[in-house]
Amino acid sequence: MSSPNLEVAGVSVSPDHYINGERVASDATFECVCPIDQTRLGDIASGSAAHVDAAVGAAVGAFSTWAALGPAARQPYLQRFADAIGRHAEAFATLESHDAGVLRSRMAHGVVPRAVQNIAWFAERALTLQDRVIETPQARHVVRHDPAGVVAVITPWNSPLMLATWKIGPALASGNTVVLKAPEWAPLTSSLLADCAHEAGLPPGVFNLLQGAGAQTGAALVSDARLARISFTGSVGTAKWIARTAAANLVPCSLELGGKSAFIVLADADLDAAAATAALMYRNAGQVCLAGTRLLVHRDIAAVFTGKLRAVVERLVVGDPREAATEVGPIIHPRQLERVQGFVERAVARGARVLWGGARHPFGEQYFAPTLLTGLRQHDEIVQQEVFGPVLTLQTFASDDEAVEMANGTDYGLGGVCYGEQTHAIELAQRVRTGFIWVNSFGIRDLAAPFGGIKRSGVGREGGDWSFEFFCDVKDVVVPKQPFRASFSHR
């Protein structure tokens, strides 16, 4: 029996799991709370081991038929799925704004269109996975991309809709079935996503949704030996646990983890443009793994750059993310707010100077002021560890070599930004050890391009054919060009 839907700002959404094409309630629940004003949104079904078993079992049961359809027959299903997301764009924007505290304007104009594209683009791209032929003098090698099986998708709370569709799109398009584990701090758009899959007519068991805490529901899911792949975005600590657990069953993992990216400003940079872009690092209250949170600025222009950045930051509107004018919203959860504040307080206690911010913002209980710290050393905790809040650090350098050494001087390697004269900036960017780096820009993405980090920032790449390489089993069908005669002779 299913539970009554929740009503969130006029949007109706189920609090239940979605397993084998049906809503499934649970005796155990957890509370969903709006980070903007701590309004209680409702109780969400919490998955037990039995729910996990049922969801994975449904995905196993649906796999052979879904895989056998082939990319061309799967595409209409996925196009309808994408279209359903687009039809519910306003509902998705409303839910994620209330649920995760993200800017509603960004949801409406950026995230939801990208979610639609994530499903439709990969469905189209899968059509290029026809047999690829390698000709040799001895044989023809026909290289196939076969679906792997059941995929567990585990997404974080900072961008639930975008990151779920980013993984689900290629997984389904390549013929796998999916069990999505929603983030417990922001589960509502994942539930609406299940409604869209149902509306699109995806066969029962092809897409399943589980909700609950990572320590219970997530642990039971990644421990299941029937999984063929695990795709995870989140923290380093959780990724290590997932990797250890998956290793027991030899399940391959794709892990997109945190970042501590450098934002390098060279002496020949356009400082107005660099300052405007640096202020974007406060977007989503700094809860963005891609953000260049370590400002590395040439000492000759540091004072001028800091003044320009201050002028931009002073104009930022901190407030209700449901309002169009708001540019910085709340921290998602009290525990995350305490974590952010703890980083800043410890840094100050060890000698860091607060240039602005440094404390909770008066707008609301879960708001932290955009912050910039300086007077830091390379080994300081706040330089080395991901804060995941609206907190930037500023250090200066005297030469390109020093800038590169500082940029590479953490255990992370996800992204980066480099501002300067274009040729100069490109040359320096190529020396930074990271999965990707933007030159005189930020946030430019394309679904065909690879995405992922090095070192503690992750394992593997997502995007384009890299996604299919992970979600598929690559097989070589070898056809000899001459009649083959079996012989033990080496003559």
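Are F263 and Y419 buried or exposed? Both F263 and Y419 are buried, where buried stands for under 20% relative accessible area, exposed for over 50% and partly exposed for values in between, with a 1.4 Å probe and protein chains only. The model is predicted, so local features need pLDDT of at least 70 and side-chain atom pairs count only at pLDDT 80 or more, while totals for chains, interfaces and linings use all residues. Residues are numbered from 1 along each chain as its sequence is written, and side-chain values use heavy atoms, with hydrogens and water left out.

**Aromatic pairs**
- Rings of Phe, Tyr and Trp (its six-membered ring) pair if their centres lie within 6.5 Å, and planes under 30 degrees apart count as stacked, over 60 as edge-to-face and the rest as tilted; by this rule there are 14 aromatic pairs.
- F263 and Y419 form a stacked pair, with 5.8 Å centre to centre and 5 degrees between the planes.
- This pair links distant parts of the chain, since F263 belongs to strand β14 (residues 262–265) and Y419 to strand β20 (residues 416–419), 156 residues apart; strands are DSSP runs (E, at least two residues), numbered from the N terminus.
- F363 and Y367 form an edge-to-face pair, at 4.9 Å centre to centre and 65 degrees between the planes.
- F363 is partly exposed, with a relative accessible area of 43%, whereas Y367 is buried at 0%.

**Cluster and charge**
- One aromatic cluster is formed by W121, F122, W166, F436, W438, F442, F451 and F468.
- R445 lies over the face of W166, 5.5 Å from the ring centre, and over the face of F451, at 4.1 Å from the ring centre; a charge sits over a ring if NZ of Lys or CZ of Arg is within 6 Å of the ring centre and within 35 degrees of the ring normal.

Technical notes
Helices (H or I, at least four residues) and strands (E, at least two) are DSSP runs, numbered from the N terminus.
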